[in-house]
Amino acid sequence: MNGAPGAPWTLLALGGGFAVAIGVVGLDVTMATIATVLALLFLVFLLRHLAFAASAMSTARVDMRSLGSFDYGYRPRVSVLVPCRNEELVIEGLVTCLLALDYPADLLEILVVNDGSDDATGTILDELVERDSRLRAIHRPPGAPGGKSGALNCALVDATGDIIVVYDADHKPRADVIRRLVRHFADPQTGAVQGRCIVRNAEESKLALTIAVDYYCGYLVNEYGRQSLYDLPAYGGANCAVRASVLRAFGGWNENTVTEDTDLTMRIVLSGLRVRYDVTAIDTEESVSTFERFWRQRYRWARGHQMAWNDYRRWVWRAPGLTFAQRVETMMFLLVYHIPVACMFGAALIATRAVGISSWGATMDLTPIATLLFLGPLLELGAGLIVSRAPRRAAFGILLFVPAFVVFMIVCTKAWFDGIIGRPYGWHKTPRTGHGQVRTIDTGAVAAEPHLRDPVGVAVES
């Protein structure tokens, strides 16, 4: 469990400042001032979303088509690490794809960590190990600390690769992904590389379809925009690679956070190195398909981002090699999961006008605030659909975006309050359904597959 002390004084400061402002200028002026500040905040992030969308639409499609053959050049030794706990439904499908990777066998090792599973995961892994010498299973006892970070650090001890590639158990990469990821490490300034992830089970539920469309935003438009505009994409924690020497210099993954990817992104960027994004390094993953699982997953992400904000915000302005624009973007990246909290405050502000508690809206229209709450993300979603040449039916995934975003606002607000008061929280894995998994090992068939197909209908091929 994470026992972060929290910062309850933040609530006291906010409440005290609100009370003082009401006493000095009155309720209506105070509410109008807060509304103005929120509108300006949302406008800044709207411009950020718009810039990312414009960047992706102008150049991303050309890069996405560069899936043909080219000289990969740099071929370091690679260790693929997979942490898994109770993954009996999906682990065989991932191992099938990993054993079919198009990378020299003498330069590749695959280490799968059974992290105290109490299902058949360990048995399945042991059976798979007997079939291929490239695969090694590491068994951690139940209750071993550190969550995903602890499992990865356990494997890192035995890893011999110069480059560490990480997958979660529900992922299924293209055969050429390793070569595409590691080529960027020929540049000594590259600390990590993130590939593109696509949701595989979009048809499993309406929520899964919405998240599949959202991935056009997060793993296409957003990451592409951060790279093309600021040279600052994020390490995403799966379908990604990191230089082993850099990772070991950091002491491995941070076991005191629940989002090791955000934490590692910040350590790499603040050390003066860079994360790269490769839109052509493609794999698929399983999305959460119910709101209960959506809540648990997003709560963990929000708590992790909040921890990263607390740990690293003061260092952004002291980091070497960052321009002013990059520092500003890094701060905005750290604040991403705080914006839904601001949206909740904005919604509460609108409610006070609606029920007649305050008449601040008499001199200020509510429409701009309500519009800015959703316009930025919707612009990125639309750009992602256009860039990906998604079929018209994929647009229906946007219909559930508003209720999903409302839930997201509530989740982030609860995570913010829990973090402020220092409520303990530990790492929790996302349950799988095993949708679309293979149940037999046929590496030849996977290796021969020319492309993966996005479940909403977009072929990701040359």
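**Figure 1. Helix α5 in the predicted model is mostly covered.** Of the 12 residues in α5 (residues 147-158), 9 are buried. The model is predicted, and local features are taken from residues with pLDDT of at least 70. The buried residues of α5 begin with the run Gly147, Lys148, Ser149, Gly150, Ala151, Leu152 and Asn153, and also include Ala155 and Leu156. Strands that these buried residues pack against are β1, β2 (108-115), β3 (135-140) and β4 (163-166).

**Figure 2. The protein as a whole, for orientation.** The chain has 462 residues, and 56% of them count as buried. It contains 15 helices and 10 strands. When contacts between residues at least 6 apart in sequence are considered, 84% of them join residues at least 24 apart.

**Figure 3. Packing of helix α10 on helix α11.** The two helices, α10 (residues 291-312) and α11 (residues 324-334), pack with their axes 9 Å apart and at an angle of about 140°. Angles over 145 degrees count as roughly antiparallel; α10 and α11 are therefore oblique to each other. From α10, the residues in the contact are His305, Ala308, Trp309 and Tyr312. They meet Met331, Phe333 and Leu334 of α11. By class, this contact of α10 with α11 has 6 nonpolar residues, 1 polar residue and no charged residues.

**Figure 4. The largest pocket and its lining.** The space in the largest pocket is about 1,200 Å³. Its lining has 42 residues, and the closest to the pocket centre are Thr10, Leu14, Val341, Phe345 and Trp416. Five helices each supply at least two residues of the lining: α1 (9-25), α2 (27-64), α10, α12 (339-354) and α14 (401-421). Helix α1 gives the most to the lining, with 8 residues. Divided by class, the lining of the largest pocket has 25 nonpolar, 13 polar and 4 charged residues.

**Figure 5. Tyrosine 425 in the loop between α14 and α15 (443-448).** Although tyrosine 425 is found in a loop, it counts as buried, with a relative accessibility of 11%. The cut-off for buried is under 20% relative accessible area. Valine 258 is 167 residues from tyrosine 425 in sequence. In space, the C-alpha to C-alpha distance between tyrosine 425 and valine 258 is 8.4 Å.

**Figure 6. Asparagine 86, a residue with a positive phi.** Asparagine 86 is found in the loop between β1 (78-84) and α3 (91-99). Its phi is about 55°, although asparagine 86 is not a glycine. Asparagine 86 counts as partly exposed because its relative accessibility is 29%.

**Figure 7. Aspartate 231 in the loop between α7 (206-230) and β7 (240-243).** The phi of aspartate 231 is near 60°, a positive value in a residue other than glycine. At 26% relative accessibility, aspartate 231 counts as partly exposed.

Notes
Residues numbered from 1 in each chain as written. Predicted model: local features only at pLDDT ≥ 70, side-chain atom pairs only at ≥ 80, totals over all residues. Heavy atoms only, no water. Axes fitted to C-alpha atoms, helices over the stretch in contact; angles between N-to-C directions. Helix = DSSP H or I, 4+ residues; strand = E, 2+ residues; numbered from the N terminus. Parallel < 35°, antiparallel > 145°, perpendicular 65-115°, else oblique. Contact = heavy atoms within 4.5 Å. Nonpolar A, V, L, I, M, F, W, Y, C, P; charged D, E, K, R; others polar. 1 Å grid on protein atoms, 1.4 Å probe; cavity = no way out; pocket = protein on both sides within 12 Å on 5 of 7 lines; lining within 4 Å. Points joined across faces, edges and corners; volume = space filled by probe spheres on them. Buried < 20%, exposed > 50% of the residue type's maximum accessible area, 1.4 Å probe, protein only.
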